Amino acid sequence: MKISRIRIFQVDLPMKEGAYSWSTQSFSAFDSTVVLIDTDEGLTGVGESCPLGPSYLAAYAEGVRTGVSVLAPGLMGEDPTQLDKVNLRMDELLKGHPYVKSAIDMACWDILGKATGMPVYQLLGGRLQERVQLFKVVARADPGLMAERFVEYRQSGFDHFQIKVGEHPETDIERFRRVLAEMQPGDVVDADANTGWKQHDALRVVGAVEQMFQERQLSCFIEQPCLSYEECLAVRQHTNLPVILDECMDGLPILLRGHRDNAMDLINLKINRMGGLTRARQVRDLCVQLGIVMTIEDSWGGEIATSAIAHLAQSTPRAFHFQSSAFHDYASIAIASGGPQVADGYMTAPSEPGLGVDPLMDVLRKPVCEFH
Ligand code: MG
């Protein structure tokens, strides 16, 4: 089987709630790139990469499209079902830029699934979970509004929440206090600072909130308090709250260093930060062997990226899967049909061959670029 055509589409994903705010950033929509790969045997695969704005990670939306344009001519004639070979070829053509390669890698997994008649979770190891635990993001807002949304989301079936902090320490402590007042036994809160605190601010916040949660015997995780690995490690060494590392976990070397330093209890594994499902699976499998529990997600996306998340999470042992996000649930438009089903705080990957999503061509419209 040979790649015969690559098409690149741009689509905006507007937020249902009007805006999505975290740390010091806020957006009303995210710019996503969808890649369709056609083959000489008539199969088409679909992938998606959607950075969370241009200044969150070293990734930006225009960069996805430019990067795929750089890679596409060199991928013509390659066999999309030979995933490692495709990834090595991409590395020969372009150094780095994993978020670019992710959309292509995802589309190739979709083709492999369609060619073999198997859903991607089966190809990634099997259906190890019946359904995938979701978390709902309580976006950064006024502390009172965050507490109100927390209650609203719980009523819609969620019991895992990610509250966005990482702004001003005093306001953040108030956010913890207001949300804690609404928590019920069994609720799990992951406070994600998204690198927003300086080390001394982080130490102040975790010092203040640790006792609050322990007194109520409720569960609170601290996610990526500061920008650098070293700052996060210092925070980790001063708190009993479990720590999740996200933004600084961008490959195997730092994962192994974190494991050796006992720098985290969990990691947040984002598919496009690793370069796609092929590389994310390597990290996932290593984490399982090392005993590291994972949040499995992507930086953002619609039904296509969320389906990839669902397949990777569903093929991960329950004991090593903390939670995932259903990003398509936050958008006011759909870009594909047949995506993961969401109900009662859980999602289920489609069981059709491949990723199980069909892009809505009237939404994607004309490709911004096309290669034969
Ligand atoms: Mg995070």
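Is A280 buried or exposed, and at what relative accessibility? At 0% relative accessibility, A280 counts as buried, where buried means under 20% relative accessible area, exposed over 50% and partly exposed in between (1.4 Å probe, protein chains only). What you have here is a predicted model, in which local features need pLDDT of at least 70 and side-chain atom pairs count only at pLDDT 80 or more, while totals for chains, interfaces and linings use all residues. Residues are numbered from 1 along each chain as its sequence is written, and side-chain values use heavy atoms, with hydrogens and water left out.

**A280 and its surroundings**

- A280 sits in helix α11; helices (H or I, at least four residues) and strands (E, at least two) are DSSP runs, numbered from the N terminus.
- Setting aside neighbours within four places in sequence, A280 is in contact with L269, I271, M274 and L312, contact meaning heavy atoms within 4.5 Å.
- From A280 to V206 it's 74 residues in sequence and 30 Å in space, C-alpha to C-alpha.

**Where α3 meets α11**

- Helix α3 (residues 98–116) packs on helix α11 (residues 277–290) at an angle of about 90 degrees, and their axes are 8 Å apart.
- For the geometry, axes are lines fitted to C-alpha atoms, for helices over the stretch in contact, and angles run from 0 to 180 degrees between N-to-C directions.
- α3 and α11 are therefore roughly perpendicular to each other; the cut-offs are under 35 degrees for roughly parallel, over 145 for roughly antiparallel, 65 to 115 for roughly perpendicular, and oblique for the rest.
- On the α3 side the contact uses D105, M106 and W109, and on the α11 side L277, T278 and R281.
- Sorted by class, that contact of α3 with α11 has three nonpolar, one polar and two charged residues.
- The classes work like this: Ala, Val, Leu, Ile, Met, Phe, Trp, Tyr, Cys and Pro count as nonpolar, Asp, Glu, Lys and Arg as charged, and the others, Gly among them, as polar.

**α8 and what covers it**

- The axes of helix α8 (residues 229–236) and helix α9 (residues 252–261) come within 12 Å and cross at roughly 25 degrees.
- That makes α8 roughly parallel to α9.
- The contact brings Y229, E230 and L233 of α8 up against I254, R257, G258 and D261 of α9.
- By class, this contact of α8 with α9 has three nonpolar, one polar and three charged residues.
- α8 is mostly covered, with six of its eight residues buried: Y229, C232, L233, A234, V235 and R236.
- Among the elements covering the buried residues of α8 are α7, β11 (243–245) and α9.

**A202 in α7**

- A202 lies in helix α7 and, at 0% relative accessibility, counts as buried.
- Not counting residues up to four places away in sequence, A202 touches W197, P225, C226 and V235.
- A202 and C232 are 30 residues apart in sequence, with 8.8 Å between them in space, C-alpha to C-alpha.

**The magnesium site**

- The protein donors of the magnesium ion are D192 (OD), E223 (OE) and D246 (OD), lying 2.1 to 2.3 Å from it.
- Donors here are N, O and S atoms within 2.8 Å of the metal (3.2 Å for Na, K and Ca), and water is not among the atoms, so sites may look incomplete.
- Along the sequence, the donor residues of the magnesium ion are spaced D-x30-E-x22-D.
- Distant parts of the chain are linked by the pair D192, in strand β9 (residues 188–192), and E223, in strand β10 (residues 219–223), which are 31 residues apart.
- Both D192 and E223 are buried.

- Most residues other than glycine have a negative phi.
- N194 has a positive phi, near 45 degrees, and is not a glycine.
- N194 is placed in the loop between β9 and α7 (199–216), and at 3% relative accessibility it counts as buried.
- N262 also isn't a glycine, and its phi is positive at about 50 degrees.
- N262 is found in the loop between α9 and β12 (266–270), and is partly exposed, with a relative accessible area of 49%.

**V70 in α1**

- V70 lies in helix α1 (residues 61–75) and counts as partly exposed at 44% relative accessibility.
- V70 and M90 are 20 residues apart in sequence and 9.7 Å apart in space, C-alpha to C-alpha.
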